[in-house]
Amino acid sequence: MKIAVAVFPGSNCERDTFNVLKHNLRIDTDLIWHKESNLNNYDAVILPGGFTYGDYLRGGVIAAFSPIMKQVKKMAEKGKPVLGICNGFQTLVEAGLLPGALMSNISLKFICKWTKLRVENNRTAFTNICMKNSILNMPVAHQQGRFFIKNENLKHLIDHNQIVLTYVNNKGETSNDINPNGSIMNIAGISNEEGNVMGLMPHPERASEPALSPLRSADGLFIFKSMLNYLKKA
Amino acid sequence: MITNPDQQLGLTKKEKTTLRKRLDREPNALEWAMVDAQWSEHCSYKSSKPVLSQLPTKAKHVLLGPGYDAGVVDVGDGYIVTFHIESHNHPSAIDPYGGSATGIGGVVRDILSLGTRPIALLDSLHFGDIKTSSNSRWLFKNVVKGIADYGNCIGVPTVGGEVGFDKCFEKNILVDVVCVGLGKKEDLVLGEAKYSGDTVILMGGSTGRDGIHGVTFASKVLSDESESERSAVQIPNPFLKKLIIEATLEAVNTGYVRGLKDLGGGGLTCGISEIAEKGKNGIDIEISKIPLREDNMTPIETLISESQERMLFVIKQGHEKDIQKIFDKYELSYAKIGIVKNNDKVTIKDGKIIIASLPVETIVNAPIINRSVKIPNYLNKLRKLEPPNEPTDFTKILSKLLSSLTLASKRWVYKQYDHEVGIKTVVKPGQSGAAVLKLDNGKFLAIKVDGNPKHCYLDPYNGAAGGLAEASRNIISVGGQPLAMVDHCQFGDPNNSEVFWTFSEAVHGMADYCKALNLPCVGGKVSFYNEDTGTNTAIKPSPIVSVIGLIDKLSHIRTMELKEHGDIIIELGITKPEMGGSEYYEYIHNFTGGSVPKVNFITESKMQILTLELIKKGLVNSVNDCSKGGLAIALVEMSILGEKGINIDLNNVISECHRIDDVLFSESHSRMIISTNKNHVNKILDLARNYDVPCSIIGTVKNKDISINMNKKEIISLTSSDISKVWSDVIPKCMGEVN
Amino acid sequence: MGKKLLTGLNQYTVNIIIENKPLIRDPEGETILRDLIIKNGVTEVTKVKTAKLLKLEVNAKDKENAKKIMEDMCNDLRIFNPVVSICKITVSSDS
């Protein structure tokens with residue numbers, strides 16, 4: 001099993017993601033420069049967080065045209081797991097692999113804080129070992145994380161179970177003041193219809209070690225371990 | 001043909017004479033400009049070198065001290081930590097967003113130029129009163145945004161800092177930034193051109209007219225004309241910086257980079273002179289090879305330009321292509337601009353013509369200026385003032401004090417900073433006295449930046465020594481052994497002998513602290529001229545310091561939030577009536593005067609050693625040091641963060657005070673608050689006796705209410721949640737936002 | 001003539017464009033040009049500058065008056081930082 005972590009000019013979280021996969025989970029992982037045009041040897045690809053191209057014009061838009069994205073699209077079509085974290089999520093949206101748009105946070109400010117997420121759909125490539133409605137602790141750090149989608153497309157999203165993670169409070173309830181960015185329906189992460197492509201604003205790689213988490217949890221591992229589980233079954 | 005623009009040379013008549021004498025001829029226009037840049041206060045430290053030489057710089061674990069781009073400390077197992085402080089006060093005052101952002105760019109470059117990866121940033125910011133001044137609010141908002149946007153974009157977490165407020169900073173804000181880097185000893189690269197024949201490559205941004213006279217700008221006092229000095233404004237480009245970080249680290253990894261230097265103040269002139277001097281060689285630079293961004297730039301403009309994001313690489317002869325391949329991967333522009341020569345000159349050529357030739361020693365060694373000192377008149381008067389009247393309603397006073405800007409929650413600031421990137425941040429902003437990062441060798445690094453201009457104004461010696469004591473106590477409070485410090489001395493016009501006296505005293509205080517506590521200084525900066533011509537007022541003396549410490553194990557890390565209901569609260573140290581410069585006097589009574597807390601080095605040392613030992617023996621649950629706001633604020637902070645209440649008996653506080661407000665709010669040094677399980681109390685008291693540290697049980701942790709009692713009467717009664725809201729809302733409310 | 005209002009004033013549409021001074025860098029514009037536009041084949045484009053656009057509706061006696069009000073506002077309220085940026089104000093009568 002081999003995982004590719006894409007690296008674009010301006011990516012910041014590729015080493016963090018790589019370290020969690022390679023050292024915490026002992027999975028064969030490679031950092032792949034964006035000009036690479038061959039991902040055939042890889043079983044899954046992760047687009048990490050960061051500020052590709054300085055987030056100029058819009059987060060993820062310039063990266064969406066990178067040579068590696070053709071390969072990422074192919075992998076998505078083949079049903080391989082494709083994960084976009086934060087800036088990676090923005091890139092998947094700009095590349096048309098996921099619907100909707102990620103706009104500036106309602107507060108207009110960058111926000112870095114730990115959030116609680118509820119698993120709405122536990123049948124995706126990245127949530128299949130989670131219990132439905134379980135709560136995961138993960139941090140967000142973004143300025144353009146407000147997921148938005150037109151009403152008619154939102155209906156499609158709901159009908160096809162594509163809402164994967166939502167922001168909730170300590171009691172597991174959704175509420176506007178818990179939502180760090182004002183996203184529609186408190187959405188933190190979505191998938192494509194097939195469930196093999198997922199994008200989320202929170203950072204699972206930052207929630208993979210108890211010492212680094214305020215609640216001493218390591219819930220980010222659920223995302224990566226689900227991916228391994230999906231691959232084993234495939 | 002060298003043109004001579006309207007040069008605003010900062011050189012004095014005496015300096016011009018000295019240069020002529022050293023060269024034994026009249027320098028040409030280009031040579032004048034180069035020396036003008038290098039001999040500016042900002043680049044040469046000509047006023048401050050004699051004073052700074054008091055600071056101890058050596059220790060077993062210090063690999064590199066002051067005089068290089070950053071200090072280097074050995075943290076064991078083949079790993080090194082690099083450490084530096086920078087500021088961008090003047091640019092930030094007129095363009096707060098760009099000025100603060102490029103300040104981050106500057107300090108990160110210093111860390112990078114030693115071949116280490118920047119792993120954390122901290123900032124120490126000082127503004128005027130944002131409650132009443134819209135200009136201060138504008139500066140505050142944009143400085144924070146500038147730091148956030150830049151730091152977040154380059155993926156370096158901002159993990160801590162402080163924000164101070166005082167009317168003296170209304171026109172002259174302070175924007176200090178600290179950067180810490182991590183690397184392996186074998187990858188350490190110095191800023192030196194050591195091998196003759198090596199190639200000098202300029203990489204990164206192109207050279208334009210940005211910041212021309214930037215160093216002289218920092219060496220001049222701000223006046224109304226400053227707003228029009230547009231060429232001193234620098235535009236941040238964090239995306240380019242990010243590419244430079246990755247390319248530089250990859251290049252260093254090849255082993256062919258033999259010298260590395262970032263270009264900051266004084267541009268190419270200072271960069272090439274300094275690497276030549278450190279490498280004990282000369283350098284030939286071909287001016288036509290320098291990539292220019294604007295048309296018709298003169299050699300003078302080219303050599304003193306402060307265009308951002310430029311690095312100088314000294315590459316092992318014959319291996320230029322290995323390095324260029326990496327620059328090409330990141331699509332960074334670069335040019336071979338020179339060669340290291342086996343002589344002692346900096347030679348600038350234009351084709352075959354030599355357009356400047358200066359001995360390295362001449363450029364780099366600006367004549368020292370011995371400034372005169374005079375004790376300011378105001379000091380004696382202020383120290384002798386009658387103290388304000390003692391209040392009666394302490395609950396009201398404490399609530400009010402918690403809404404002082406300096407003490408209020410800074411969450412509004414740090415939630416704009418990505419403090420998690422890099423997955424190293426164990427103790428996060430706002431969580432405790434210092435930030436803690438996980439290092440690659442299994443150890444942990446504690447970092448803190450601190451300073452107390454209010455104390456320094458009334459007593460620069462104790463104020464500065466006290467700043468170091470406070471920063472060190474914060475390191476101790478998270479379980480860290482202080483390893484090294486960097487300092488940034490920010491004062492007014494050094495030509496003013498009273499200002500220079502405060503500078504000398506402050507450095508003297510820091511030097512004495514460092515010698516007594518074995519804390520080496522591994523770097524620092526001096527910024528003079530933080531003064532406003534309109535009102536002829538200098539800022540309060542502001543030596544800002546940053547201390548790093550090492551923690552061996554995860555289990556030795558502590559934070560300040562109170563943990564368990566029923567825990568016992570113990571205070572170490574003695575509270576003295578030293579109210580001068582306290583938040584209480586300044587904010588509640590609007591009173592500047594009295595005597596400032598003195599640092600007793602022996603007492604401080606014993607208390608620090610004891611606290612660390614208690615932590616390592618597993619005898620404490622939470623720790624907080626007493627500093628700004630005194631005992632009362634230290635207790636309230638622990639209570640708010642732990643969402644717990646406390647019951648305190650002031651009669652048990654060991655003190656020399658006669659007034660209740662003195663006990664509550666004095667900022668005496670060498671004090672810690674500890675909470676612990678009742679089973680450990682006797683052991684703690686025993687150890688304290690052994691170390692001869694005053695120690696007393698002052699209260700217990702309870703449910704929700706804060707209750708402070710004196711002579712069996714409750715004098716302060718608050719609920720933890722109410723006070724938490726007051727404390728959290730101060731800054732958002734000021735900025736017109738809801739929390 | 002702008003839309004006439006009951007008060008006797010006219011309503012004007014004002015565009016305020018805030019961009020970096022000509023000689024000052026625009027890293028965002030440069031990156032968009034180089035990494036998005038040129039790299040993806042639209043080589044006809046030779047320059048990109050980014051700017052912020054504010055669209056306002058303003059009631060005033062006439063165009064000159066509207067422009068003066070806007071100029072004063074931009075300076076007094078720090079709509080732009082004159083150290084870094086320039087401000088172009090265009091007043092039109094179409095509502």
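**Interfaces, salt bridges and cores in a predicted model**

Modeller: The count between chain A and chain B is 5 salt bridges. Keep in mind that this is a predicted model.

Colleague: Which side chains meet, for instance with Asp418(B)?

Modeller: Arg206(A) pairs with Asp418(B) in a salt bridge, at 2.9 Å from N to O.

Colleague: And how many residue pairs are in polar contact between chain A and chain B?

Modeller: There are 13 such residue pairs between chain A and chain B, with both residues at pLDDT 80 or more.

Colleague: Which elements give two or more residues to the side of chain A that touches chain B?

Modeller: Those are helix H1 (14-24), strand E6 (111-119) and strand E7 (135-142) of chain A. E6(A) has the largest share, 4 residues.

Colleague: What does that side look like by class?

Modeller: On the side of chain A that touches chain B there are 16 nonpolar, 4 polar and 8 charged residues.

Colleague: How many residues does the contact take from chain A and from chain B?

Modeller: Chain A puts in 28 residues and chain B puts in 33 residues. Together chain A and chain B bury about 2500 Å², and 59% of that is on carbon and sulfur atoms.

Colleague: Now chain C. How many residues are in its contact with chain B?

Modeller: The contact takes 14 residues from chain C and 17 residues from chain B. About 1400 Å² is buried between chain C and chain B, 56% of it on carbon and sulfur atoms.

Colleague: Which residues of chain C supply the area here?

Modeller: Arg25(C), Arg78(C) and Val83(C) supply 43% of the area that chain C buries against chain B, more than any other three residues.

Colleague: How many salt bridges between chain C and chain B?

Modeller: The count is 1 salt bridge. Glu331(B) and Lys39(C) form a salt bridge through their side chains, at 2.8 Å from N to O. For polar contact, the count between chain C and chain B is 3 residue pairs, both residues at pLDDT 80 or more.

Colleague: Which element gives the most to the side of chain C that touches chain B?

Modeller: Helix H1 (residues 27-38) of chain C, with 4 residues. By class, that side of chain C has 5 nonpolar, 3 polar and 6 charged residues.

Colleague: How many salt bridges over all chains?

Modeller: The count comes to 59 salt bridges over all chains. One of them joins the side chains of Lys46(B) and Glu15(B), at 2.8 Å from N to O.

Colleague: Where do Lys46(B) and Glu15(B) sit in the chain?

Modeller: Lys46(B) is in the loop between helix H3 (41-44) and helix H4 (49-52) of chain B, and Glu15(B) is in helix H1 (residues 13-23) of chain B. The pair is 31 residues apart and links distant parts of the chain.

Colleague: Why does Lys46(B) count as buried?

Modeller: Because its relative accessible area is 8%, and buried means under 20%. Glu15(B) is buried too, at 4%.

Colleague: What about Arg109(B), which residue does it form a salt bridge with?

Modeller: Asp262(B), with the closest N and O atoms 3.0 Å apart. Arg109(B) lies in helix H6 (residues 96-112) of chain B and Asp262(B) in strand E8 (residues 257-262) of chain B, 153 residues apart.

Colleague: Are those two buried or exposed?

Modeller: Both Arg109(B) and Asp262(B) are buried.

Colleague: Last topic, nonpolar packing. How many residues are in the largest nonpolar core?

Modeller: There are 182 residues, and Phe140(B) and Phe313(B) have the most contacts inside this core. Helix H19 (residues 497-517) of chain B gives the most to the core, with 10 residues.

Colleague: Which residues does Phe313(B) touch?

Modeller: Leaving out residues up to four places away in sequence, its contacts include Ile201(B), Met203(B), Val257(B), Leu260(B) and Phe327(B).

Notes: Residues numbered from 1 in each chain as written. Chains lettered and ligands numbered in written order. Predicted model: local features only at pLDDT ≥ 70, side-chain atom pairs only at ≥ 80, totals over all residues. Heavy atoms only, no water. Core = buried A, V, L, I, M, F, W, Y, C linked by side-chain atoms within 4.5 Å. Buried < 20%, exposed > 50% of the residue type's maximum accessible area, 1.4 Å probe, protein only. Contact = heavy atoms within 4.5 Å. Buried area = accessible area lost by both parts, 1.4 Å probe. Salt bridge = Lys/Arg side-chain N within 4 Å of Asp/Glu carboxyl O. Polar contact = N/O pair within 3.5 Å; in protein donor to acceptor, adjacent residues only side chain to side chain. Nonpolar A, V, L, I, M, F, W, Y, C, P; charged D, E, K, R; others polar.
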